[in-house]
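Hi there,

Here is the structure I promised to pass on to you. Have a look at it first, and then read on for my notes below.

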Amino acid sequence: MFPSRAPMHTDTYDTLKSGVPNAIKTFQYMRDKGTLGKGYGIRLDSGDLAYISKKAKKMLDEAGFPDAIISASNDLDEHLINSLKDQGATITSWGVGTNLITAKDNPSFGGVYKLAAIQDDDGKFIPKIKLSENTEKVTNPGNKKIYRVYNEPEHKIQADIICLEEETFSENEHLTLFDPVEPWKKTRLAPGEFSLRELMVPLFKDGKCVYESPKTMDIRAYCMKEQETLWEESRRLVNPHQVYVDLSQKLYNDKLRLLDEITEQKMKMADA
């Protein structure tokens, strides 16, 4: 029914003695009939995937099907895939299911809305902050937006900047990045050394949807393109380099000001 997309499941009985030989017979029949498309191949779903894939590849090559896709599945995750590649597995397509949709290592994700600003009677937003004993729970005040900073000419991610809605940055001016946790660590980028892209896009405006969801393949293409902007050091599985998220100087100053105000209020209440 789908000759141009015909992956054959080969491990129902015996992959190398039954599954692959019968798949090859099917491919030969389809080739003779002129119905063998570019998307044909086999799927491995059990056993030693590294060993079996190499043996299957040899059988397919010798039968005249060197371009056959070898797809693998069976509870794969990034660590297994990395290991199989290190072992020289001849797998060309990875079927990741269970461990992709169930977040095996982090089965829950906590999301909490925090008040960041209050609009006064004049329509002006007044920034607010939440104080916590846990540093990571102290919020960033005000209406915000995010810029991604790319190192040029490599076009790799340098950092993300969280800034206030009214702030703008220019690629024609110097840009200073600093760590909001350790603010003495600063990086100054000169014009020509970086490019900027605003990440947030509006979904609703004045109660109306202004966003059109892209097609699935467009989303895939976007994700593949963005992956290439990650440094190799950030993509390794063990001890990856951190992608930094910084605050703008203005947002950082507003945050410190509000924290100081809260501290002053607490001190006055203690004195009273």
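Let me start with isoleucine 126, which counts as partly exposed because its relative accessibility is 30%. Please keep in mind throughout that this is a predicted model. Isoleucine 126 lies in strand 6, which covers residues 125-127. If you set aside its neighbours within four places in sequence, isoleucine 126 is in contact with Ala116, Ala117, Ile118 and Asp120. Proline 141 is 15 residues from isoleucine 126 along the chain, and the C-alpha atoms of the two are separated by 8.9 Å.

Four strands form an open sheet in the order 11-7-8-14, and the pairing is mixed. Its edges are strand 11 (194-198) and strand 14 (245-247), each of which pairs on one side only. From one strand to the next, the twist averages 30°. Strand 7, residues 144-151, pairs with strand 11 in the antiparallel sense, over five bridges.

Is aspartate 246 buried or exposed? Aspartate 246 is buried, yet it has no salt bridge. The nearest side chain of opposite charge belongs to lysine 185, and that is 10 Å away. Not counting residues up to four places away in sequence, aspartate 246 touches Ala159, Asp160, Ile161, Ile162, Leu177, Phe178, Asp179 and Pro180.

Finally, the cysteines. A disulfide is a covalent bond between the sulfur atoms of two cysteines. How many disulfides does the model have? With a cut-off of 2.5 Å between the sulfur atoms, the count comes to zero. Cysteine 209 is in no disulfide, and the nearest cysteine sulfur to it, that of cysteine 223, is 20 Å away. Cysteine 223 has 37% relative accessibility, so it counts as partly exposed.

Happy to go through any of this with you.

Best wishes

Technical notes: Residues are numbered from 1 along each chain as its sequence is written. This is a predicted model: local features need pLDDT of at least 70, side-chain atom pairs count only at pLDDT 80 or more; totals for chains, interfaces and linings use all residues. Side-chain values use heavy atoms; hydrogens and water are left out. Buried means under 20% relative accessible area, exposed over 50%, partly exposed in between (1.4 Å probe, protein chains only). Two strands pair if DSSP finds at least two bridges between them. Helices (H or I, at least four residues) and strands (E, at least two) are DSSP runs, numbered from the N terminus. Axes are lines fitted to C-alpha atoms, for helices over the stretch in contact, and angles run from 0 to 180 degrees between N-to-C directions. Lys and Arg count as positive and Asp and Glu as negative; His and the chain ends are not counted. A salt bridge is a side-chain nitrogen of Lys or Arg within 4 Å of a carboxyl oxygen of Asp or Glu. Contact means heavy atoms within 4.5 Å.
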